[in-house]
Structure formats: C-alpha cells, structure tokens
Amino acid sequence: MPEAPRTPVRAPAPATVPAAPTARTTRRQALVGGAATLGAVALGTAWSTEARADTAARPSGIGEPFTLGVASGDPFHSSVVLWTRLAPNPFAEDGLGGMPDRRVEVEWQVAEDEGFGRVVTSGTVETGPEAAHSVHVEAQGLRPGAEYFYRFRVGTEISQVGRTKTAPPPGMRLDRFSFAFASCQSYTSGHYTAQAHLADEDLDLVAFLGDYIYESGAQGGIGRGHIPQVEARTLTQYRIRHAQYKSDANLQAAHAAFPWAVVFDDHELENNWADEQSNGEDVPAEEFLRRRAQAMKAYYEHMPLRRAQRPDGPDLRLHRRLSFGDLVDMHMLDTRQYRDPQVGDSGHGDPSRTLLGAGQKQWLFEGLSSSRARWNVLAQQVFFSQRDFLDGEATNFSNDAWDGYRVERDEVRDRLARVRNGVVITGDVHANYVCDVKADFDAPESATVATELVGTSFTSGGDGADQNPGDAVQLRQNPHIRFINRKRGYVRNVVTPTEWTADYRIVDYVSEPGAPISDRARFVIDDGVAGVRAQG
C-alpha cells in the first residue's frame with residue numbers, strides 16, 4: 001500500500017518526560033531552522049549526515065527535498081500523524097515538485113528531545129509520484145499527553161524538526177487544554193504575520209476551519225500572486241497551489257510548532273460549492289465531481305491527515321472526533337460535501353434541507369449523546385447563529401451559512417443544549433464574532449443554550465477594520481451577537497474544568513510584513529453557564 005510504514009523500530013520510552021524548554025521563541029526558531037540547526041549539528045546517535053551504506057548521499061535527480069516543511073496532526077492518546085512532501089522544485093509545471101518519476105524511501109524519527117538523543121520510535125516509508133511524493137506517517141506507541149519531536153530523512157538530506165504532542169486518554173482528568181483556531185489564509189491578500197505569531201504560542205493544538213488555499217487565479221496587489229495565474233481545476237494546478245501556500249516560512253513555522261486538526265471549506269475546491277453542484281458554473285454533476293476528486297486528492301496530499309481520511313475519488317471522510325481527557329471532545333464537521341445547494345430566504349425553512357447530510361448528522365448526535373467530556377466543541381466552517389443583515393421588519397440572511405438550513409440548525413442547537421457546555425467554533429466570514437446561541441433566535445429573552453465563537457481570517461480580506469458600517473445594524477438586529485471585529489488574526493483558547501477563556505488576537509495589517517499582535521478582546525465561558533462574559 002503506498003505510504004504504508006515499513007520496518008518500524010521502537011525504543012522503550014522512559015518513565016518521565018523532561019520539562020519543555022522555557023525559551024519558547026528560541027525553540028520555535030530552532031524548529032524551523034532546518035538541518036543546519038538541528039539536522040546536521042545535533043543529530044543524536046541514530047542519524048548522521050554521512051550516507052547510509054545502502055543509499056547514495058543524495059538520490060539521483062533529487063535536490064533539497066524538504067522545501068514545504070513538516071507538519072503533524074490529529075493527535076490521539078498513543079499516536080499522531082507526521083507529514084511532509086518531497087518537493088525540491090515546488091512550482092514545477094507538472095505539479096510533481098521536481099521529483100523523479102519513481103518511488104523514494106523516506107526515513108522518520110520521533111524523539112523526546114530536540115537533539116534526538118532519546119529516539120522512541122522510527123521507521124521507513126515509501127512514497128511516489130502517485131501521491132506527489134507526500135508522506136503520511138501514523139507514529140504509534142507514544143505516551144499520552146507527551147511532547148515529542150520528529151524529523152524525516154532522504155539520503156543525507158534531513159528535514160526541519162517539528163514539535164508535536166499526543167492527547168491525554170479519553171476520560172482522564174485534565175486540568176488544562178490550550179488551542180487556537182483560525183481560517184481563511186488567502187496568499188494574495190496578505191503576509192502570514194499572524195501565523196508567525198501563532199508559532200510563538202504555547203498550545204496543544206491548532207484547529208484550522210477551512211479555506212487553507214484559494215482556488216482563484218487572483219494576483220492581489222502585494223506581490224504574492226497565485227501560481228498558476230488561473231483558477232485551479234486540475235490535480236496539477238491544485239498541487240502547485242497547495243505547494244505555493246506551504247512554501248511560506250511563517251506557515252511552516254506554525255505547522256512545525258504544534259499538531260493541527262484541519263477541515264476544508266469551499267475555496268479548497270471552488271467558491272460556495274455544495275455536494276455535487278458547482279456554484280459558479282453550469283456544469284453536469286459528473287464533470288464537477290471529477291474536479292472535486294482532483295481537489296480532494298491534492299488536499300489530502302498536503303495535510304497531516306490519517307489514512308482513514310484518504311479520499312475515495314471525490315469523497316473524503318473528514319468529519320471525525322478528537323478527545324482530550326475528560327475535558328474536551330472536539331467534533332470536526334464537514335459542511336460542504338453533503339449539503340443541499342444554496343437557496344434564497346424563502347427556502348431556508350424547508351425541513352428537508354440539510355447541511356450535514358443524514359450520516360454525518362447521526363454521527364454527530366450519537367457523539368454528543370455519548371460524550372462525557374466537560375466541554376463539547378463543534379469545529380466547523382460557516383456561521384451557526386442567526387444573522388439578519390437588515391434593519392426593521394425585512395430580513396436578509398446568508399444563503400451559505402446555517403441560516404440557509406434553519407430547521408437542521410435548530411435541531412443541532414437543541415442537541416447542543418442537552419450537553420453540559422456546548423461551544424461552536426467557526427471560520428469563513430473574515431471577522432471575529434461572539435454569539436449567544438439562543439433557544440429561540442427570534443425571542444431575545446429566551447434561554448442561552450450554547451456559545452458560538454467566530455474567528456477572523458488569517459489574511460483574507462486584506463488589512464480589515466475594527467468594524468464596518470453595517471456592523472451596527474447587525475448588533476442592533478441580532479441582540480445575541482455580542483461582539484464584532486474585522487481585523488486579522490486568530491482566537492487563542494485556554495480551557496479548564498471551571499472556565500473557557502477566548503482571546504481574540506489581532507494584527508493591525510497584513511498588507512506588509514511585521515505587524516505586532518495584540519489582544520483585541522477576551523471572553524470567558526463559565527462551566528455550566530451558557531453564554532459569555534466579557535473580561536477586561
């Protein structure tokens with residue numbers, strides 16, 4: 001089977017894990033310093049820069065292969081996904097990254113220290129052109145809740161070092177879980193300054209909620225135009241587009257610093273697509289599904305996803321659940337593959353309309369019913385709470401968000417109301433929001449049953465503003481919306497048994513690099529009390 005691990009080697013794990021270094025920024029710089037920092041100098045005992053006896057120093061036809069960095073993702077209590085892609089020429093016109101048309105052997109290591117003196121597991125995988133020479137390793141046998149470091153080697157070429165962390169076992173008492181969520185990182189719209197700041201955080205996880213790439217041929221105005229200069233439609237074009245995004249050093253740093261859990265939204269394929277239907281072109285479903293299959297394949301090739309998420313043609317099983325002790329169950333949702341097409345306001349109340357699809361909805365409801373976690377999180381893409389954009393009696397709701405699937409939204413809301421602490425985290429809209437999820441959105445006095453935290457974009461929409469003129473209307477017409485801000489950044493969350501603290505971290509500009517980061521607002525959700533309170 002392509003990419004399947006071969007010849008795994010596991011060293012016995014010590015009884016304790018050493019304390020993490022205190023100089024976090026220095027460590028983050030080291031993680032992305034490549035072989036010159038931790039590859040060629042502090043190699044430990046297992047590897048050296050000399051060629052192995054059974055391989056050439058640099059396999060024929062391969063230059064520096066690790067130009068797209070390393071990543072990890074989907075942490076379980078005893079395993080985590082490790083990712084890289086060999087691409088000495090990431091923008092090669094055939095989409096194969098400058099690699100030869102043959103399979104290549106890649107070694108990997110996981111250690112408890114950055115110098116790789118305490119290697120706990122290692123192995124070899126093969127990858128080839130059919131997978132764009134991407135590598136997905138599911139490193140097994142790791143200790144729960146532990147920090148690890150990992151790297152790859154091809155011949156004597158050694159990758160950057162990544163840091164990752166396993167999850168605590170489900171049900172184990174956990175006193176603290178920290179994570180950030182983000183979305184929407186248009187390469188043409190801004191520099192990845194927020195990602196650079198993200199890499200300096202102290203987190204257990206990053207949840208990325210969609211629009212990792214943008215499919216358009218846009219060139220923007222800051223010298224970061226899309227390659228190729230056309231809308232991506234083919235596997236080759238999607239591969240090149242992913243490689244362009246992955247080539248950014250700040251994004252690489254953020255991936256190397258923590259495990260990520262990713263879901264897509266629409267721009268990984270096409271703006272506002274729905275199931276088998278294009279939103280922008282009148283094409284037969286069969287033709288659109290062929291394009292969808294190309295986009296799904298390229299997406300998987302570039303993300304730290306498990307083999308269970310490997311696409312089957314146009315289908316990619318992306319909804320899944322991550323558990324962190326007894327504290328957090330994170331339900332990763334897919335609001336694109338199974339949805340009915342968008343319709344206008346008059347059709348939003350049709351009870352047959354679905355955003356999740358029957359299978360995913362049943363999976364979600366069963367997971368919520370069986371969860372014993374203190375906090376249940378729906379990590380998803382589009383605005384969940386009701387949002388009317390017009391003053392007065394007339395209404396105008398988004399066709400692409402949960403408002404366009406109102407009956408199913410209310411059904412999900414009612415299920416969330418039955419769990420102890422339901423929190424929805426959302427991307428897509430290029431703005432920060434905080435919403436009280438109401439038992440009846442049309443009755444402001446009704447009970448608050450859950451909380452929605454909406455994160456702004458990393459870059460999409462450009463520099464942004466504190467608020468737009470229409471935001472006053474939204475706040476007035478939708479009293480359950482507590483906060484709106486339109487700067488760029490991400491949301492940092494610290495979750496404990498007694499409270500959830502959400503810091504809305506923003507940069508003032510992305511049109512140029514180097515913006516400092518600050519906390520625009522802080523909100524707290526108390527255990528057992530739905531809704532937020534502002535702090536500070």
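Buried residues have under 20% relative accessible area, exposed ones over 50%, and partly exposed ones lie in between (1.4 Å probe, protein chains only). This is a predicted model, in which local features need pLDDT of at least 70 and side-chain atom pairs count only at pLDDT 80 or more, while totals for chains, interfaces and linings use all residues. Residues are numbered from 1 along each chain as its sequence is written, and side-chain values use heavy atoms, with hydrogens and water left out.

View 1. Helices (H or I, at least four residues) and strands (E, at least two) are DSSP runs, numbered from the N terminus. Of the 536 residues in the protein chain, 59% are buried. Among contacts (heavy atoms within 4.5 Å) with a separation of 6 or more, 70% involve residues 24 or more positions apart. The chain exposes about 18900 Å², and carbon and sulfur atoms supply 49% of that area; accessible areas come from the Shrake-Rupley method with a 1.4 Å probe, and for residues only the protein chains shown count as cover.

**View 2. The largest nonpolar core, with 71 residues.** Such a core is a set of buried Ala, Val, Leu, Ile, Met, Phe, Trp, Tyr and Cys residues joined through side-chain atoms within 4.5 Å. Leu198, Met330, Ile425 and Trp500 have the most contacts inside the core. Helix α6 (residues 285-301) gives the most to this core, with six residues. Leaving aside residues up to four places away in sequence, Met330 touches Phe177, Phe179, Leu205, Ala207, Arg320, Arg321, Leu322, Val377 and Ala379. Another core, of 29 residues, lies apart from the largest one and includes Trp402, Ala431, Tyr433 and Val437.

**View 3. Helix α6 and what covers it.** From first C-alpha to last, the 17 residues of α6 reach 24 Å, close to the 24 Å expected at 1.5 Å a residue; the expected span is 1.5 Å times one less than the number of residues. Buried residues of α6 include Phe288, Met296, Tyr299 and Tyr300, and also Arg291, Arg292 and Glu301. Their cover includes strands β3 (80-85), β6 (134-139) and β12 (259-262), along with helix α4 (235-246).

**View 4. A buried salt bridge between two loops, Arg143 with Glu112.** A salt bridge is a side-chain nitrogen of Lys or Arg within 4 Å of a carboxyl oxygen of Asp or Glu, and the structure holds 43 of them. In this one, the closest N and O atoms are 3.0 Å apart. Arg143 sits in the loop between β6 and β7 (147-154) and Glu112 in the loop between β4 (104-111) and β5 (119-127), so the pair ties together parts 31 residues apart in sequence.

**View 5. Asp471 paired with Arg486 in a salt bridge.** Here the closest N and O atoms are 2.6 Å apart. Asp471 belongs to helix α9 (residues 471-477) and Arg486 to the loop between β19 (481-485) and β20 (488-495), 15 residues apart. Asp471 counts as buried because its relative accessibility is 1%, and Arg486 counts as buried at 12%.

**View 6. A salt bridge between two strands, Asp503 with Arg522.** The closest N and O atoms of this pair are 2.5 Å apart. Since Asp503 lies in β21 (residues 499-507) and Arg522 in β22 (residues 517-526), the pair ties together parts 19 residues apart in sequence. Asp503 is buried at 4% relative accessibility, whereas Arg522 is partly exposed, with a relative accessible area of 32%. Salt bridges with shared partners join Glu201, Arg492, Asp503, Arg505, Asp519 and Arg522 into one network.
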